[in-house]
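Dear colleague,

I am handing over the structure we spoke of, with its sequence, so that you can look at it before reading my notes. Please keep it open beside this message.

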Amino acid sequence: MRQDYNSLHLVLKDSGFDIKTRENISKVMKIIGMVFTYIVLILFAILVVFPFYWMIITSLKSGEEIQRLIPTYWPEVFVWSNYSEAMQRLNFGTLLTNTLIVGIFSTLGTLFTTIFAAFAFARLEFRGRDFMFSLLLATMMIPGEMMVISNYTSVSLLGMTGGNRTGAYLAMILPFMISVFYIYLLRQNFKQIPNELYLAAKVDGKSDWAFLWKVMVPLAMPTLTTIFILKLMGTWNAYVWPNLITTGHDELKLISNGLRDSFNTAGDIDDYGIQMAATVVVTVPLLLLFIIFRKYIMRGVGRAGIKG
């Protein structure tokens, strides 16, 4: 009996030692995994940030320093005049005005069309609703470039080309006031709102119009904020269609077109520094907009993608 007790005590002692060892090994492996994860994240962060860093330091270099065979990773002399020269050559005030007009009105138009379409597909009952929505989603498979010719033909027949300022604004706004992706995003958010709220509103005598603006739109505000920001950023970065509409009329170009057309770096090496300065001026507003509103973007996308 004494021998059995000693054997049992030895087994329990050894077993406790093994558990402690496994816990220590688990902690060490967890630390190693965390260190490896942070190393990978830091490397990828450097890959992402380095182009922006290089753009900024190049915008502060002279042409002589830029053309050296061995690049410098910090400006020897800060050439701040690159920015003033870039603003003058870019005609920043005119380009910014055109971009804000087109961006704000196209964004507001997109919000209204998206709200109405998403509400119809999410709440209203009518024959062929799901089939129509499936057809709408199918159009997302068509590349936007395939519709450039038909869109340009349409706006030309309506007299929106040829240097007319109002017509050029309308040509850059109207064709892009409908986004199938944003309709899908908002519809998914609307479908998360309990149907009992809609039925209760009907019992109280509320119309669909009142229920939409007093209940659904306030509840979907994070998603609407996301759509507003992403659409405005898309207009700021638009190039192909605005360039086609404003060909030959520099006073009507948007900021991305002006950035491309205002510089010819093949002729003068000093233009590289000035062009990088103009690029910084154009990029910084978008970067700040994303940093400030990134939590709203993530919240809106997260809330819209839960329920099918």
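The model is a predicted one, in which local features need pLDDT of at least 70 and side-chain atom pairs count only at pLDDT 80 or more, whereas totals for chains, interfaces and linings use all residues. Residues are numbered from 1 along each chain as its sequence is written, and side-chain values use heavy atoms, with hydrogens and water left out.

The protein chain holds 14 helices and zero strands, where helices (H or I, at least four residues) and strands (E, at least two) are DSSP runs numbered from the N terminus. Of its 308 residues, 33% are buried, a word used here for under 20% relative accessible area, with exposed meaning over 50% and partly exposed in between (1.4 Å probe, protein chains only). Among the contacts with a separation of 6 or more, 70% are between residues 24 or more positions apart, contact meaning heavy atoms within 4.5 Å. The chain exposes about 19200 Å², of which carbon and sulfur atoms supply 69%; accessible areas come from the Shrake-Rupley method with a 1.4 Å probe, and for residues only the protein chains shown count as cover.

A nonpolar core is taken as a set of buried Ala, Val, Leu, Ile, Met, Phe, Trp, Tyr and Cys residues joined through side-chain atoms within 4.5 Å. The largest one has 21 residues, and those with the most contacts inside it are Tyr83, Leu90, Ile255, Leu259, Phe263, Ala278 and Val282. Two or more residues each are given to this core by H3 (81-90), H4 (92-122), H11 (221-237), H13 (255-261) and H14 (270-304), with H14 providing the largest share, eight residues. Leaving aside neighbours within four places in sequence, Ala278 touches Ala86, Leu90, Leu259 and Phe263. Apart from this core lies another, of 19 residues, which include Ile115, Phe190, Ile193 and Val217.

The largest pocket has a volume of about 840 Å³. On a 1 Å grid over the protein atoms alone, a pocket is an open set of points where a 1.4 Å probe fits, with protein on both sides within 12 Å along at least five of seven lines, and lining residues have an atom within 4 Å of a point; points are joined across faces, edges and corners, and the volume is the space filled by probe spheres set on them. Of the 27 lining residues, Gly144, Met147, Pro175, Phe176 and Lys231 are the closest to its centre. At least two lining residues come from each of H4, H6 (148-157), H8 (180-192), H11 and H12 (240-245).

Thr110, in helix H4, is buried at a relative accessible area of 1%. Beyond its neighbours within four places in sequence, Thr110 is in contact with Phe176, Met177, Ser179, Tyr182 and Lys231.

Ala171, in helix H7 (residues 165-173), is buried with a relative accessible area of 0%. Outside the four places on either side in sequence, Ala171 contacts Val155, Met160, Trp241 and Ile245; the C-alpha atoms of Ala171 and Ile245 are separated by 7.3 Å, although the two are 74 residues apart along the chain.

Lastly, Asn91 sits in the loop between H3 and H4 and is partly exposed, at 42% relative accessibility. Its phi is near 55°, a positive value in a residue other than glycine.

With best wishes
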